[in-house]
Amino acid sequence: MAKSYGKSYGTVSAEQKLGMSGLDFVQGLASGDLPLNTIARTLDYDVTEAEHGRVVVTLLPTDAHLNPAGTVHGGLTATLLDSCMGLAVQSTLDAGTSQTTLEFKISLLRPITPDTGPIRAEGHVLNCGRRVGTAEGRVTDAKGRLLAHGTTTCLIFPA
């Protein structure tokens with residue numbers, strides 16, 4: 001989990017991304033053929049699975065992710081959900097089209113700590129039109145317990 005061995009970090013050039021479908025782009029992130037974004041390096045998460053309308057992001061919580069109360073910061077959970085849901089929408093788009101988050105809502109259900117062990121955020125597209133896409137996401141632990149969930153609305157636009 002996390003520690004994306006063999007993966008690089010950075011951005012994909014606009015020219016390269018223009019010629020790729022959203023699914024090719026997201027699968028390239030998961031396979032390591034394309035660089036993960038730099039926030040993935042900062043937070044130590046990985047894009048591990050990608051298919052049309054579905055993306056999984058994984059992380060092993062550590063002491064580096066804690067808030068002053070001693071649990072994983074809610075912003076980390078929000079980032080995992082924003083990433084998996086937005087990339088799930090991206091995976092449905094044609095070449096030359098991109099997306100960005102317009103709004104998202106999350107609910108944090110259980111505390112996450114380093115003792116929680118590996119967690120996964122899985123995003124699924126609910127609907128994707130010409131201008132707006134919606135998705136839902138779930139963060140679970142290795143036992144399948146629901147830790148957090150959310151929804152997003154993404155703006156779809158020409159890249």
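User: What volume does the largest pocket have?
Analyst: The largest pocket has a volume of about 460 Å³. A pocket here is an open set of points on a 1 Å grid over the protein atoms alone, with protein on both sides within 12 Å along at least five of seven lines. The volume is the space filled by probe spheres set on the points, which are joined across faces, edges and corners.

User: Which residues are closest to its centre?
Analyst: Phe25, Leu29, Asn37, Leu87 and Gln99 are the closest to the centre, out of 21 residues that line the largest pocket. A lining residue has an atom within 4 Å of a point.

User: Before going on, what kind of model is this?
Analyst: It is a predicted model; local features need pLDDT of at least 70, side-chain atom pairs count only at pLDDT 80 or more, and totals for chains, interfaces and linings use all residues. Residues are numbered from 1 along each chain as its sequence is written, and side-chain values use heavy atoms, with hydrogens and water left out.

User: Which element gives the largest share of the pocket lining?
Analyst: Helix α4 does, with five residues. Helices (H or I, at least four residues) and strands (E, at least two) are DSSP runs, numbered from the N terminus.

User: And what classes of residue line the pocket?
Analyst: The lining of the largest pocket has nine nonpolar, ten polar and two charged residues. Ala, Val, Leu, Ile, Met, Phe, Trp, Tyr, Cys and Pro count as nonpolar, Asp, Glu, Lys and Arg as charged, and the others, Gly among them, as polar.

User: Back to α4. Is it mostly covered or mostly exposed?
Analyst: Mostly covered: 13 of the 17 residues of α4 are buried. Buried means under 20% relative accessible area, exposed over 50%, and partly exposed in between (1.4 Å probe, protein chains only). The helix takes in residues 74-90 and reaches 24 Å from its first C-alpha to its last, close to the 24 Å expected at 1.5 Å a residue. That expected span is 1.5 Å times one less than the number of residues.

User: What about the nonpolar core, which residues touch the most other members?
Analyst: In the largest nonpolar core, of 33 residues, these are Phe25, Val47, Val55 and Val57. The largest share of this core, eight residues, comes from α4. Such a core is a set of buried Ala, Val, Leu, Ile, Met, Phe, Trp, Tyr and Cys residues joined through side-chain atoms within 4.5 Å.

User: Now the strands. How many bridges join β1 to β2?
Analyst: Six bridges join them, and the two strands run antiparallel. Two strands pair if DSSP finds at least two bridges between them. Asp46 stands opposite Thr58 in β2. The hairpin has two residues between the strands, and Gly53 there takes a positive phi near 80°.

User: Which non-glycine has a positive phi?
Analyst: Asp44, at about 65°. Asp44 is in the loop between α3 (38-43) and β1 (45-51), and counts as buried because its relative accessibility is 17%.

User: What does β5 pair with?
Analyst: β5 pairs with β4 in the antiparallel sense over nine bridges, and nine bridges join β5 to β6, also antiparallel. Glu122 stands opposite Arg138 in β5, while Gly137 stands opposite Gly150 in β6.

User: Is Val139 buried or exposed?
Analyst: Val139, in strand β5, is buried, with a relative accessible area of 0%.

Methods
On a 1 Å grid over the protein atoms alone, a cavity is a set of points where a 1.4 Å probe fits but cannot get out, and a pocket is an open set with protein on both sides within 12 Å along at least five of seven lines; lining residues have an atom within 4 Å of a point.
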